[in-house]
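Please consult the sequence and the model shown below while reading.

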Amino acid sequence: MSRKKIKEYINSNRRDFSNKPFNKEMAYDDPIKQYERWFKEAVESEILDPYAACLSTVDFEGKPSSRILYIRDFSNNGFIFYTNFNSKKGNDLNKNKYGSLNVFWPDLERQIRIQGEIEKVNNSISDKYFNARPRSSQIGAWASNQSENLHNRAELEAKIEFFKEKFKNIEVPRPPHWGGYCLVPFLMEFWQGRPSRLHDRIVYNKESNKWIKSRLSP
């Protein structure tokens, strides 16, 4: 497909959304409970990777970056993901503790925006998750200097073999540079697609440790 055809496709392809309503009365007063309800419906609908989300961070120069990762746990406190602390996202968070998650389930015509402060979880939580990972993923956490330049694939594979031999016949410990972060939200928005782009948007803002629910224009 030529670039011209791609542009024609982007500008001419249209689809409308279904007429499934979502309003303040339908939404829980607690956005974490609302996330749990929608997540359950995503699982029941057999959405592929319903725990996938786009994490956006901002560096010390104010330059944003985004990437897809997996939300591996959540509670009333927030949403947990795991990564290399020396990665791009980790370095951003050392300079700027604020970030956002975006969950998109196109099959359900739903989107969830989550904004908040991001903090490291305690070591026991990171240890528990790391110890439950497949051994190959544990080795990978040691072998990959995430976000750093790599000469070629062979360099990475050689490091994998090195750590396989280093931890041969013993449990793989969690690297000190690898663990969990928790995004503690102060804003959550639930978006339901509606016809003619007149979508339903219910937003929660945390004020004085209390969630305030309101409706936004589409």
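**Basis of the description**

The model is predicted: local features need pLDDT of at least 70, side-chain atom pairs count only at pLDDT 80 or more, and totals for chains, interfaces and linings use all residues. Residues are numbered from 1 along each chain as its sequence is written, and side-chain values use heavy atoms, with hydrogens and water left out.

**Overall fold**

The protein has six helices and nine strands; these are DSSP runs numbered from the N terminus, with helices (H or I) of at least four residues and strands (E) of at least two. Its C-alpha trace spans about 60 × 55 × 40 Å along the principal axes. Of the 218 residues, 37% are buried, where buried means under 20% relative accessible area, exposed over 50% and partly exposed in between (1.4 Å probe, protein chains only). A contact requires heavy atoms within 4.5 Å. Among contacts between residues at least 6 apart in sequence, 64% join residues at least 24 apart.

**Aromatic pairs**

The whole structure contains 21 aromatic pairs. Rings of Phe, Tyr and Trp (its six-membered ring) pair if their centres lie within 6.5 Å; planes under 30 degrees apart are stacked, over 60 edge-to-face, and the rest tilted. The rings of Tyr 98 and Phe 186 have centres 6.2 Å apart and planes at 70°, so this pair is edge-to-face. The pair links distant parts of the chain, with Tyr 98 in strand β5 (residues 98-105) and Phe 186 in strand β7 (residues 178-192), 88 residues apart. Ring pairs also join Phe 22, Trp 38, Phe 190, Tyr 204 and Trp 211 into a cluster.

**Cysteines**

The count of disulfides is zero, a disulfide being a pair of cysteine sulfur atoms within 2.5 Å. The sulfur of Cys 54 is 18 Å from the closest cysteine sulfur, in Cys 182, which is too far for a bond.

**Accessibility of selected residues**

| Residue | Relative accessibility | Class |
|---|---|---|
| Cys 54 | 21% | partly exposed |
| Cys 182 | 5% | buried |
| Tyr 98 | 40% | partly exposed |
| Phe 186 | 35% | partly exposed |
| Phe 17 | 15% | buried |
| Glu 46 | 71% | exposed |
| Ser 196 | 52% | exposed |

**Loop residues**

Phe 17 lies in the loop between α1 (3-12) and α2 (31-44). Leaving aside residues up to four places away in sequence, Phe 17 touches Glu 109, Trp 191, Gly 193, Arg 194, Pro 195, Arg 197 and His 199. Phe 17 and Leu 198 are 181 residues apart in sequence, yet 9.3 Å apart in space, C-alpha to C-alpha.

Glu 46 sits in the loop between α2 and β1 (52-58); its phi is near 60°, a positive value in a residue other than glycine. Ser 196, in the loop between β7 and β8 (200-207), likewise has a positive phi near 60°.

**Largest pocket**

The largest pocket holds about 410 Å³ of space. Of the 16 residues lining it, the closest to its centre are Tyr 82, Thr 83, Arg 133, Gln 146 and Trp 178. On a 1 Å grid over the protein atoms alone, a pocket is an open set of points where a 1.4 Å probe fits, with protein on both sides within 12 Å along at least five of seven lines; lining residues have an atom within 4 Å of a point. Grid points are joined across faces, edges and corners, and the volume is the space filled by probe spheres set on them. β2 (64-70), β4 (79-84) and α5 (135-143) each supply at least two lining residues.
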